[in-house]
Amino acid sequence: MGPRVRHPHHGPGQALHPAFPDRYFNVGFVIDPGGEIVLRHYKLAPLPPMEHSLSPHDVLDQWTRLYGRSPEAYWPVADTAIGRLGVMMANEASYPENARGLALGGCEIAYRPSYPLPGVASDAYDIQNRARALDNTMYVLAPNPTSDTGADVQRVDFFGGHSTITDYTGRTVGHLDHGGVATFVTATIDLPALRHQRTTAAWTNWAKDLRTELFATLYEQPIYPANLYADRPPYNHAEYREHVTEPQIDLMRARGVWR
């Protein structure tokens, strides 16, 4: 019998960065059994306008000077004894590109917490988890809390539960519909089967067939403004709508994308 391997701990949290001392990021991290942080992922798509943390895209020029311009600067993957791990937090999985960035870095297991209502009740959370797993031939672990206790000791269901584990074929192999108390979800993570699928399938290992030159044309014109907070703190709700949301809608109309 081989040695037993303990799972790394992982989770999101707000964190400061020495290059941006007056602002903060939302960071997902992985800690190995020896207590070492083996992965730090800075959230790329905070939930607008509710979250006031920075994305690396909000300070893109400075971030590029610090970390270079490569996928590893945005979608790091940790190669561990239990597989290649990546973090895809909350609203990040609303954008397929974030899952693809992890997959092209070799990610086999993406950790995706958490998603608020109404996205859970509408099944958006489950649809996204299954689609990101299927499209990228990887597992998605998606724990989601149910109730929060505020300073007034009132419990509020802001998230809605529905924690799941999705396998590399897009099937839900572990789920728990409720929460509110300490709970857990389990499933078998079959990495040999995942690796066999990636390296032997003719069709359903999608990443090998990406026609990147075609897709690159979709992104030649910028959409969301980079360096939005390079010289100022994040907008409040009203400012965000005036200076970001409404101009972005106008941009989609001007380009003929929306009517």
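Predicted model: local features only at pLDDT ≥ 70, side-chain atom pairs only at ≥ 80, totals over all residues.
Helix α2 covers residues 96-104 and helix α3 covers residues 124-136; their axes come within 10 Å and cross at roughly 40 degrees. That angle falls among "the rest", so α2 and α3 are oblique to each other. As for handedness, the crossing of α2 and α3 is right-handed.

Who does the touching? On the α2 side, the contact is made by Pro-96, Ala-99, Arg-100 and Ala-103, while α3 brings in Arg-132, Asp-135 and Asn-136. Sorted by class, the contact of α2 with α3 has three nonpolar residues, three charged ones and one polar one.

Next come the strands. In general, strands of a sheet pair through backbone hydrogen bonds, and they can do it parallel or antiparallel. Here, six strands line up as an open sheet in the order β4-β5-β6-β7-β10-β11, and the pairing is mixed. At the edges sit β4 (78-80) and β11 (172-176), each of which pairs on one side only. Neighbouring strands of this sheet are turned against each other by 20 degrees on average, if direction is ignored.

Zooming in on one pair, strand β5 (residues 83-87) and strand β6 (residues 109-111) run parallel and are joined by three bridges. Within this pairing, Gly-86 stands opposite Ala-110 in β6.

Definitions and conventions:
Residues numbered from 1 in each chain as written. Heavy atoms only, no water. Axes fitted to C-alpha atoms, helices over the stretch in contact; angles between N-to-C directions. Helix = DSSP H or I, 4+ residues; strand = E, 2+ residues; numbered from the N terminus. Parallel < 35°, antiparallel > 145°, perpendicular 65-115°, else oblique. Left-handed = near helix turned anticlockwise from the far one by under 90°. Contact = heavy atoms within 4.5 Å. Nonpolar A, V, L, I, M, F, W, Y, C, P; charged D, E, K, R; others polar. Pairing = 2+ DSSP bridges.
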